[in-house]
Amino acid sequence: MTMQVADRAGLTDTGRRRRRNEDSFVLEPPLFAVADGMGGAQAGEVASRLAAAAFREFRDADDLAPEERVDALVQEANRRIYARSREDANATGMGTTITAALLEGERVAIGHVGDSRAYRIRGDDLEQLTQDHSLVADLMRSGRLTQEEADTHPQRSVITRALGTDPEVDVDTFAVGLEPGDVFLLCSDGLTTMVQDEEILRLVHESDSLERAAKALVKAANKRGGEDNVTVVLFRVDAGGPPLDATAPLAPAVDEEGDTDELEDTLSGEEAEPVAPTPAVAQTPPPPPPATEPRRAAETRPRRGRRVFGVVAALLFVALLLLVAFWGLANAHFVGAEEDGSVAVYQGLPYDVSEGFPLYRPRYVSTLHAAQLTEEERSQLFDHELMDYGAARDRLARYEDEGLP
Ligand code: CA
């Protein structure tokens, strides 16, 4: 029996703690994917978007088996991210997870790298189809961690396999059979670290459409703390009928602010997340509130004194912003890597005002090279956590000692 996509939805949200959303998703029936990027500055976003862009270029043209086709797509995405990380110093060490599903005929092919997940919901059963490639999952499989310990482990977000860190990637690919009504869920760890499987199942069951289910899942993750970006892609298969038009308008969309209380109002009718095919690493952050805004407001008032007050308040506000910025530049440090791969401690903030105008400068360049570190070490060291200079040097020293011959 040939199956078709009967309903689908996708939603991504920054969450409550993070400033940026490094997740991306692909909702192009019969192809679906979730990617969760990692890396300094904006490199995590670049990695996940490069992966999503590679998937969007998928064309149903060759005669490969669906598992082989998914594998080929993941390899292509990996090559692009790896190439970018080699040519762009800001992108050193970037990577992304990918969990993809391709519906063909009577089965769904899954391709998987990292700790995003694919689930199949059939009736009252929710089955996790993928195995996490993560430090805690390894420790759990070898019996050294319980589920409870894994849930709170400080390194629970460290993944052991990613796209973009090596020229080739080992992809888990397999296919699963279908029954009418099966629902597939692809999601980033921002959902599964916050919401238990039973609650995921309950929320999907209680929702009368997948769009509502996607919103309910994101809302639940944020209610539990929203500590990470959260992304969900859902699709339901059914027998026969015309295939769902991939170009039909989509209700689900992106909530950049991570404010799910407003989800109901702000999301309906918007398009899914637009993704530039080749986003630049250095993006201009939003400018400070323009000084003209309060002035214009003041001009609607009749008295001149008020207008002057408005201008002074705006200038003071800009001065305060500059003061905070300079304080941050002088006191904040983070660990990163130079263009040649040398690990370094930077003074400032891990952002570029625009291409070529960074808000940071190297204060100490180590003899340690990024390539000497394992993937996990890189993801721990280059997380761009801000700290004082001494703490940054201490953190580096641990790896420098190990790296010495
Ligand atoms: Ca994540």
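Modeller: Arginine 236, at 27% relative accessibility, counts as partly exposed (buried means under 20% relative accessible area, exposed over 50%, and partly exposed in between, with a 1.4 Å probe and protein chains only). This is a predicted model, in which local features need pLDDT of at least 70 and side-chain atom pairs count only at pLDDT 80 or more, while totals for chains, interfaces and linings use all residues. Residues are numbered from 1 along each chain as its sequence is written, and side-chain values use heavy atoms, with hydrogens and water left out.

The partner of arginine 236 is aspartate 238, which it meets in a salt bridge at 3.9 Å, N to O (a side-chain nitrogen of Lys or Arg within 4 Å of a carboxyl oxygen of Asp or Glu). Aspartate 238 is likewise partly exposed, with a relative accessible area of 27%. Side chains of opposite charge can pair when their charged atoms come close, and the structure holds 23 salt bridges.

In another of these pairs, lysine 215 and glutamate 211 have their closest N and O atoms 3.4 Å apart. Both belong to helix 7 (residues 210-223), where their spacing of four residues separates them by about one helical turn; helices here are DSSP runs of H or I with at least four residues, strands are runs of E with at least two, and both are numbered from the N terminus. An α-helix has 3.6 residues a turn, so residues three or four places apart point the same way. Lysine 215 is buried at 9% relative accessibility, whereas glutamate 211, at 24%, is partly exposed.

Aspartate 208 pairs with arginine 212, with 3.7 Å between the closest N and O atoms. Here the aspartate is exposed, its relative accessible area being 68%, and arginine 212 is partly exposed at 45%. Elsewhere, salt bridges link Glu57, Glu76, Arg79 and Arg80 in a network.
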